[in-house]
Every structure is written in C-alpha cells, then in structure tokens.
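Take a walk through this model, one feature at a time. Keep the sequence and the coordinates side by side.

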Amino acid sequence: MILSGSFYTCLTSIAFVIATFLAFQKTWFSANNESTFLLKQKQYRLRSDSSSSQNQVLRLKNESTNDTLSDKRTAPYELDTTQYEIDTGKMMQNWFIAQKLLNLDDNDEYNVTKHHQHIVNWNLNSQAKSNSIYQSLDLSVNYIAKVASEEVAANLEGWVDEKKSSKKISESEPKDICRVAFVRDPLARFISGYVEFEWRFVQAQEQYRTSAADNDRKKFTFHHYSLGSKERAIAFIHDLVSFRLLDWLIALGKDEGPPPRISWFDEHVEENPWLYHRVGITHICPMAGRLRDQKFDFIGQLEYMDRDWNLMSQVCDLEEEPSPFDTSLINHITSTDPHNTKCAMRVALQEDECRLKKAVCLLLSADYEILSNHFPYTSCSLDCSNQ
C-alpha cells in the first residue's frame, strides 16, 4: 500500500507539472500572437497611411528591402519660398535669447535693436552667386556653400562632358528648366562652415601681415586662443552672438540695405583681411539667403546624396540616368579637419548643458523653419548629445 501511495503521489506531481507547462505555453503563445497581431496591425496602418499620402515615394532602382525609413524619401520634392518671409521680430527675439544664454550683459555694443539690420542681413546673405545652368540637361542648380556644391558641380560637368555639351552660367533662366538645390542639416553645416572659415583665416594671417596695434584694435577675440582649441570655438560663438564678427553685414557702413555681394569682399579685403579673405566669414551664415524667394522643382538632401542624385534625374525627367555620385572628384583639405577645429566646435557646443548649441540653433532658426516640411532635422532638439 505504501508503494501504491507513493506511485499515486508521483503521478499526481507529474500531471500538475504537465498542466502548468501547458497553461504557460498557451499564455505565451497567446501573448506572442497578440504582439504579432499588433505589430502587423501597426505595419498595416503605416502602409495605409503611406498609400493615402499625397507625397508619393519614388522608389529607386535596385533599392534594398532592408533600407530604413529615413533612407526613403517621403517629403515633397519641390520647394516654393516665394511667399516665405523671415519674421524679423522673431529673429531679433531669438538673438536676444541667445545672448542671455551666454550670459551677455545688456550692453549698447551688442544691443539687438541697434543691430536690427545685421540680424536681417544675417538671414538674407546668400554669397550671391549666379545659378549654374546646364543647357543640355535643362537643369539649373542653386549652389550653397558647404553643401557639397563643388562635388555636385564636378559630377554634373562630367555628365555634360559625356554628352559633349556646354555649360552656361547666367542670371536668366528658361521658364521650362528644372530648378534644383541641395541642402543639409543646418547645425552640421554651421560646424563645417566654421572649419572652412578657420582654414581661410589662417591663410589670411599668413598672407596679410598686421601689426600688434592692428591686432588689438580688432573687435573679435577668438583669435587670442589656440587654434583648434575648445576655448577658441567658445570665443568664436561669443564673438558671433555679440555681433563682433558681423560688421561686414552692412556694407560700407550703411544703416540699411542688403548684405554685400561677393565682389564687395574682394574690393574691401584690405579693411579686414582676416575675415574677408576668400569670403571666409560668409560660410557660417544660414542657407535661407540662398533658398528664399525661389521655386525649386527638386530639393535634395546631402545626407542621402546617392538617393537624391537619382531622384533628381527622375523628378527633372532627364533623358539619361546620371552616373553614380562620385565623392572623390573633389578633394577638400578641410574635410580632414587639419586644425582640429571641427572637433573643437563639437566639444564647445556641448559645454554648460549645451548653452552654446542652443544659442547657435536660435541664430539658425530660419534654416530649420524653411526646411521643416521637407527635412525635419533634429540636431537642435532638446537632446544635448544630438548634433
């Protein structure tokens, strides 16, 4: 009887274990199926939303099925800025807030109201180059500094050479031409512009010798710090926000009027060669000046140049497919960060809970606004590490 009781107890325990396992398995499969259903439901909603969107996605040839969503173009291709007006009041307020972020005291030297025209021209500056018109391609390209403009030009000129056609640069454009521009993340472009400026600043220091007295009379202060140091980058931002780097925005000392054209810098380079040499200082200005008051049939993104290079040919209905975009055609020495200025600026923007980053972003707000419907860049988000 004792043996039978033990055997019965053993059977009962085994049955309990089996029942528990089956219950767990049923619960796990149920939860797993529910998760799978919710995931599929979410994917279905995404596909439905995508299919009903007005902004249809042109799929590239040989597109990988593993591409991330950010690699797919869902934004509008065209950009019309003819009705876009820069809110001067908002820009002045942003500049004032930027000064407060840097703990700049109220001072007539960098009073925002006094520098009203500087702020207006900061957002209007365009480096005033003519668009490049490629007649054989029926293409007009609006080149923007520090957005691979030379690389794009080299690739297009190679394409034109293959067609044995000519390129014409002109102020006037045929009405039926396809107008194109490429843009990039505004903060990343500012950092790249700073690297370019410092490279040309060093060139100017070697080419245009100035006395110690001339050096002391300069308004800006960043050059007193070691090249490629965080302290120099921080001082550069302070000089920018306090207008000490921006006298040139009002050409010939006028109280109003547009910013100077490129030819102005050549004519006045002796007045401030360290800033004016090869229009170095203009590389930090917003893209808005080059984009405003125009209609573009296609706006491309530097971060996804391979994708948008092909999309450009489709949107502009070019007769032939372009060769793959070749980044090796132009060799920029500043791309290697020879003076460590890119690294220094990135470190500086992280300082003091990103106060400097927030200040610079306020100065670039027109760029983020004008591109908001196309490329909602997040480099100026609240995340301090995101740049």
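Which cysteine does a disulfide join to Cys-178? The partner is Cys-316, with an S to S distance of 2.0 Å. A disulfide here is a pair of cysteine sulfur atoms within 2.5 Å. The link connects distant parts of the chain, 138 residues apart. Cys-178 sits in strand 5 (residues 178–183). Cys-316 sits in the loop between helix 11 (305–315) and helix 12 (341–349). Helices (H or I, at least four residues) and strands (E, at least two) are DSSP runs, numbered from the N terminus. The angle about the S-S bond of Cys-178 and Cys-316 is -60 degrees, a left-handed link. Both cysteines, Cys-178 and Cys-316, are buried. Buried means under 20% relative accessible area, exposed over 50%, and partly exposed in between (1.4 Å probe, protein chains only).

Before going on, note the ground rules. This is a predicted model, in which local features need pLDDT of at least 70 and side-chain atom pairs count only at pLDDT 80 or more, while totals for chains, interfaces and linings use all residues. Residues are numbered from 1 along each chain as its sequence is written, and side-chain values use heavy atoms, with hydrogens and water left out.

A search of the whole structure gives two disulfides. The other pair is Cys-361 with Cys-380, S to S 1.8 Å. Its torsion about the S-S bond is about -85 degrees, so this disulfide is left-handed. Cys-361 belongs to helix 13 (residues 351–363), and Cys-380 to the segment after helix 14 (365–370), 19 residues apart. How do the two ends differ in cover? Cys-361 counts as buried because its relative accessibility is 11%. Cys-380 has 27%, so it is partly exposed. Cys-285, at 1% relative accessibility, counts as buried. Cys-343 counts as partly exposed, at 39%.

Return to strand 5. Four bridges join strand 5 to strand 7, and the two run parallel. Strands pair if DSSP finds at least two bridges between them. Val-183 has Gln-301 in strand 7 as its bridge partner. Strand 7 covers residues 298–301. Phe-298 and Gly-300 point one way from it, Ile-299 and Gln-301 the other way, and all are buried.

Now move to helix 5 (residues 186–207). Its 22 residues reach 31 Å from first C-alpha to last, close to the 32 Å expected at 1.5 Å a residue. That expected span is 1.5 Å times one less than the number of residues. Helix 5 is mostly covered, with 17 of its 22 residues buried. At its start, a side-chain oxygen of Asp-185 comes within 3.0 Å of the backbone nitrogen of Leu-187.

Helix 3 (residues 116–124) holds His-118. With a relative accessible area of 10%, His-118 is buried. Setting aside residues up to four places away in sequence, His-118 touches Phe-243, Leu-246, Asp-247, Leu-249 and Ile-250. Contact means heavy atoms within 4.5 Å.

Last comes confidence. The protein averages a pLDDT of 77, and 71% of the residues score at least 70. The pLDDT is the predictor's confidence in each residue, from 0 to 100.

Terms used: Polar contact = N/O pair within 3.5 Å; in protein donor to acceptor, adjacent residues only side chain to side chain.
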